[in-house]
Structures are given as C-alpha cells and as structure tokens.
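Hi,

Here is the structure I promised to pass on. Have a look, and then read on for what turned up.

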Amino acid sequence: MALNKKRIYEIIFEADTNEGKAFDVTIISLILLSILLVLLDSVAGVRERFGHLIHITEWFITGIFLIEYLLRIYVLDRPVKYIFSFYGIIDLLAILPNFLGLILAGGQSLMVIRAVRLLRVFRIFKLSRYTSAGRTLAKALYRSREKIFMFISVIVTMVVIFGTIMYLVEGEESGFTSIPV
C-alpha cells in the first residue's frame, strides 16, 4: 500500500499519532544503537572480534537515516528551510561520517555526532515547555561570550604549556629529548 506525502509527513513529523511515536522511538533506538556501536568499536578486542558485524550494522543504520532524511525533504513544501534548519543540519551530520570514512581516514569517528539527534526527545516527549529555559541559557551564554572565550583561551594556553612541559619531562626521563642541550 503506497503512502501519500501527507501520510508520510504525519508519520515523520507528528509525534501525536501511534505511527509517529513508533517512528520516533525507532529512530531514537537506532541512534542509541549507533552510539553504542561507536563505543564498542573503540575497544580493540571488540573491534577485532566483531568489527565486521559492527561495520555492516553501522552502514545499515546509516542507510535508514539517509532514507529518513530524504523522506523528510520529500514531504515538505519548503525543503530548503528544513535542510538549513537546526534539525536538518543535525540529521545530515548523522549521515555524513560514514561517507566521509570512505574518503578520509578517521572520518567514521565523527559518528558520535549522532548523539545530538537525541534532542528529538524534546519533541517526542513534549518537553518543549523546557525550551524557554534553554533559550534563557543560550542568551546568557551569548551575553557572556567574551568571558567564555577568554576562559577557554586561558585553559587552552595552560594545556599547551603543561603538555609541553610533560612532554619534555617524559622525554628526558626516557633518554629522548627534542631540545638541543
């Protein structure tokens, strides 16, 4: 039975219907499974034993996310608005790491970005009433951006300095040093 655009829209975008809830729960479950697979793949023993299965499962999940993304674009009257929206960009970022892994070494390690898709929980469980608190926090962070930038700059500088000191100390203890004496 073919589904029309309106019905697909209701399933994908409306969390109030049984099908919409089932769709959202399925997508969240796949996001969690994908994150678990990325974590498991980071363990050498698990990767050696189950790496092929993890790889196949990741591609399967990526395929489902790609179909979902394309369906979201297909059913909308103004798809460009979705593509450049917050969720549109997040959905695209959930797909790209696998494809980037084909051309860039280590590109698949970006699959942890899929965790950001869990923000859909706000829509599914009707937690949008808390988004005003989120907007307040975002405004406060924006107003404090200079202080935050300064704090991060100091922390990064300290990490570089202490990291360099540790490198030199460890290098001298092991008999290796990169600084001519």
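Which side chains meet in a salt bridge of 2.9 Å, N to O? They are those of Glu 19 and Arg 7. A salt bridge here is a side-chain nitrogen of Lys or Arg within 4 Å of a carboxyl oxygen of Asp or Glu. Glu 19 lies in helix H2 and Arg 7 in helix H1, so the pair ties together parts that are 12 residues apart in sequence. (Helices are DSSP runs of H or I, at least four residues, and strands are runs of E, at least two, numbered from the N terminus.)

Before going further, some ground rules: this is a predicted model, where local features need pLDDT of at least 70 and side-chain atom pairs count only at pLDDT 80 or more, while totals for chains, interfaces and linings use all residues. Residues are numbered from 1 along each chain as its sequence is written, and side-chain values use heavy atoms, with hydrogens and water left out.

Back to Arg 7: its side chain also meets Glu 10 in a salt bridge, at 3.1 Å, N to O. Those two are three residues apart in helix H1 (residues 5–13), about one helical turn. On accessibility (buried is under 20% relative accessible area, exposed over 50%, partly exposed in between, with a 1.4 Å probe and protein chains only), Glu 19 is partly exposed at 38%, and Arg 7 is partly exposed at 25%.

The whole structure has five salt bridges. Another one of them joins Asp 91 and Arg 72, at 3.8 Å, N to O. This pair links helix H5 (residues 86–103), which holds Asp 91, to helix H3, which holds Arg 72, 19 residues apart. Asp 91 is buried at 2%, and Arg 72 is buried at 1%.

Now the rings. The search found three aromatic pairs; rings of Phe, Tyr and Trp (its six-membered ring) pair if their centres lie within 6.5 Å, and planes under 30 degrees apart count as stacked, over 60 as edge-to-face and the rest as tilted. Tyr 69 and Tyr 82 make a tilted pair, 5.9 Å centre to centre with 45° between the planes. Tyr 69 sits in helix H3 (residues 44–75) and Tyr 82 in helix H4 (residues 79–83), 13 residues apart. Tyr 69 is buried at 8%, and Tyr 82 is buried at 8% too. Together with Tyr 9 and Phe 13, they form one aromatic cluster.

Cheers
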